[in-house]
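Visitor: I am new to this structure and would like to know what the terms used for it rest on.
Guide: Ask about each term in turn.

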Amino acid sequence: MGARWWICGVSSGRNLRSLAARLHPAVVLGLGKLLSTASSTPQVCVVGSGPAGFYTAQHLLKHHKQVQVDIYEKLPVPFGLVRFGVAPDHPEVKNVINSFTQTAHSDRCAFYGNITVGKDVTVEELQQAYHAVVLSYGAEDNRMLGISGEHLPGVYSARAFVGWYNGLPENQNLEPDLSSETAVILGQGNVALDVARILLTPPDLLRKTDITAHSLEAIAHSKVKRVWLVGRRGPLQVAFTIKELREMINLPGTKPLLRPGDFEGLRDVIKDVPRPRKRLTELMIKSALEKPYEREAARWVSATREWGLKFLRSPTEILPGVNGKQAVGIRLAVNRLEGSGESAVAVPTGEFENVECGLILSSIGYKSLPIAPSLPFDAKQGIIPNSMGRVHNVPGLYCSGWVKRGPTGVIITTMNDSFDTAQSVLDDLSSGVLDTSICKPGFPSLKEMLQHRGVHSVSFSDWEKINAAETAKGSEVGKPREKILDLQLMLQLARQ
Amino acid sequence: MAVSTAGVVRLLSACRTLTTCGPSLPAALRPGRGWRACWALGVGPSCHVPSRSVSSDDKVTVHFINRDGDRLTAEGKVGESLLDVVVNKNLDIDGFGACEGTLACSTCHLIFEDHVFEQLDPATDEEMDMLDLAYGLTETSRLGCQICLTKKMADMTVRVPEAVADARQTYDMGKNA
Ligand SMILES: Cc1cc2nc3c(=O)[nH]c(=O)nc-3n(C[C@H](O)[C@H](O)[C@H](O)COP(=O)(O)OP(=O)(O)OC[C@H]3O[C@@H](n4cnc5c(N)ncnc54)[C@H](O)[C@@H]3O)c2cc1C
Ligand SMILES: NC(=O)c1ccc[n+]([C@@H]2O[C@H](COP(=O)([O-])OP(=O)(O)OC[C@H]3O[C@@H](n4cnc5c(N)ncnc54)[C@H](OP(=O)(O)O)[C@@H]3O)[C@@H](O)[C@H]2O)c1
């Protein structure tokens, strides 16, 4: 490695870096020493460019006038689950990308895509280069059912299925088998509803979204007519929210299958529950027990596809076909509830129900993984142990988003907890816990090493080239974008 | 009015070709979006901004009590939504209007004075659904993107709730606890 020099500044790191590029190294070294006697530009590194990463950066930049924030991202493209999770037919949710783009355009913020922290660069190396490192890398795995047959063809995690229709490179070869009439989705959260809706929405409506072309084709040829969403607890414990349920109830070409018996008597029970749970339950009761309005009734009569909720059922076994190579059904244990309300517990009654189905999607939650064996990680809860975002026992290390809280909560929940973490960093900067009298060089000190390791980072303006190519390709067919699925192609576009 | 998924998709794709209608936004919220147009098409409230040149009669002064207790005062045109006012006047309210007025979040939640609240048009189911998820919900809560300024609102004061949290959090948190 050649001579290493970089500079710490009291003003914008980037300005001084560009000045440094024009000066003789000896002058720069002198200047660096001079400036490092005063407190230097605080250098903060954020790992992950989903909502947590961007909202953490946004808060830091807004409330500190010197801080430099560098965002490292594993993929060549930013925005995490806003790009790869949020359903294609929910474009309005993706409006947050506009404010993330503004943050990325700040001259005190830089995006370094195509760098996997933990593999291309270690957290320790980042800590040497930055005053503070914030881990915002989300939840990249999913919980497992832990039942026999889970690995049979025909069984997929909702995470992989979502990645497939949303263009996540690692899931492009999933080829889910959509040849059976009945699909079972395990879990009753919003991800389960997303997946059910994508399976049942008339393809002509999906055509106008940014769903990937090849998944749209597969869905257009899907034989799936009936989708069961199976919950281990009862109607009062569903995890999805009312807006998403209403959307499902109003889905063109479909009708809901709600068993009246599941909802009878619930009206009295919900009198005193908080408003969100109450309105949500009322909507289910209304759809299950009341005579539908004319328009709704007409839609139900002409519906070609249907979906329903099954309660008090826990999966116990995936049933293989005669050749043993394909799922053809699922065995469910019948439960009863012990306790009531949000904390009610499902207890098996000893009875079982078999459901015939060739497609099984497990939507029982995402899961975060540790990215470095030396860092604290709570494997049981799947989070990095922290207080207000400060990682326990590792000074200068912080976390935000799903890896801090666990894989629940919408973008706005993630925004709030990211603001909290950023505030902890700001407090530690002003109290001196983060010592900025020590010069930290930030990205320039890692650049050479990364090149040496064969890692080529993608900048935000490189991403904008990929973005332009995607939107251009999409507009040819009336879609907001056609996502590029191949990492090599993304990198090629970035280099143009 | 019920806005189905399909409806929203259709509206949004229609919006893309209609980006010119409605007053222009600060660049901050504009890139490639036509959401003003979307409102005109029915995703947002049926606000009507008079098209003739705006005289001082068409302006209304409103006050916001921010999260930290600070009072912000701004002038808006009759027919503009309260989200418009916050955006156009660059009022510094953290996280306000994340979904840009498309009824996909509850970050523009505002609390109204009783006498003003009583005169507002009733909320749609869709607004109620998002309000359900707003943190610090009160009897006089509404979403700012759905409330259009009228002369009767002159000098009213609305309050920003303490935290912008979305109640899916309360659910999720409750479950984890
Ligand atoms: C299917 C699905 C649909 C959803 N739909 C909605 C919705 O409609 N509305 C809503 O409000 N919320 C929705 N959510 C919730 C929302 O997506 C989350 O609250 C939010 O994305 C969590 O943000 P995060 O930044 O913690 O994680 P993520 O968004 O997952 O971001 C993490 C980022 O870190 C990167 N990364 C991972 N490992 C590394 C590494 N080693 N080095 C560098 N980078 C790394 C990842 O590539 C990713 O870009 C949805 C969630 C899912 C799963
Ligand atoms: N449109 C949107 O706003 C949107 C869309 C997608 C996702 N999101 C958000 O993203 C977050 C993650 O969503 P999610 O659906 O993955 O998670 P979730 O909301 O936590 O739902 C998980 C579901 O799986 C069930 N489950 C968990 N473990 C199980 C097991 N071992 N056996 C059987 N069932 C099990 C849960 O039931 P129990 O309650 O019994 O544990 C629950 O019904 C949520 O906060 C969600 O709101 C939002």
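Visitor: Are A:Tyr55 and A:Phe419 buried or exposed?
Guide: A:Tyr55 is buried, and A:Phe419 is buried as well. Buried stands for under 20% relative accessible area, exposed for over 50%, and partly exposed for what lies in between, with a 1.4 Å probe and protein chains only. This is a predicted model, in which local features need pLDDT of at least 70 and side-chain atom pairs count only at pLDDT 80 or more, while totals for chains, interfaces and linings use all residues. Residues are numbered from 1 along each chain as its sequence is written, chains are lettered from A and ligands numbered from 1 in the order in which they are written, and side-chain values use heavy atoms, with hydrogens and water left out.

Visitor: How many aromatic pairs does the structure hold?
Guide: Over all chains there are 16 aromatic pairs. Rings of Phe, Tyr and Trp (its six-membered ring) pair if their centres lie within 6.5 Å; planes under 30 degrees apart are stacked, over 60 edge-to-face, and the rest tilted.

Visitor: Why is the pair of A:Tyr55 and A:Phe419 called edge-to-face?
Guide: The ring centres of A:Tyr55 and A:Phe419 are 5.8 Å apart and their planes are at 85 degrees, so the pair is edge-to-face. A:Tyr55 belongs to helix H3 (residues 51-63) and A:Phe419 to helix H17, both of chain A, so the pair ties together parts 364 residues apart in sequence. Helices (H or I, at least four residues) and strands (E, at least two) are DSSP runs, numbered from the N terminus.

Visitor: What makes A:Phe263 and A:Phe311 an edge-to-face pair?
Guide: Their centres are 5.8 Å apart, with 80 degrees between the planes. A:Phe263 counts as buried because its relative accessibility is 1%, and A:Phe311 counts as buried because its value is 6%.

Visitor: Which residues do ring pairs link into a cluster?
Guide: The cluster includes A:Phe54, A:Tyr55, A:Phe79 and A:Phe419.

Visitor: What makes A:Lys310 a charge over the ring of A:Trp228?
Guide: A:Lys310 lies over the face of A:Trp228, 4.4 Å from the ring centre. The rule asks for NZ of Lys or CZ of Arg within 6 Å of the ring centre and within 35 degrees of the ring normal. The charged end of A:Arg331 likewise sits over the ring of A:Phe352, 4.4 Å from its centre.

Visitor: Why is A:Cys45 in no disulfide?
Guide: A disulfide is a pair of cysteine sulfur atoms within 2.5 Å. By this rule the count over all chains is zero. For A:Cys45 the nearest cysteine sulfur, that of A:Cys109, is 11 Å away. A:Cys45 counts as buried because its relative accessibility is 0%, and A:Cys109 counts as buried because its value is 3%.

Visitor: Which residues does the UniProt annotation "binding site" cover?
Guide: The unreviewed entry covers, among them, A:Ala52, A:Glu73, A:Gly409 and A:Ile411. UniProt positions are given in the numbering used here, feature names are shortened, and annotations may be inferred rather than shown by experiment.

Visitor: Why does A:Ile411 count as buried?
Guide: A:Ile411 counts as buried because its relative accessibility is 15%. A:Ile411 is in helix H17 of chain A. Contact means heavy atoms within 4.5 Å; residues touched by A:Ile411 include A:Pro51, A:Tyr55 and A:Val82, not counting residues up to four places away in sequence.
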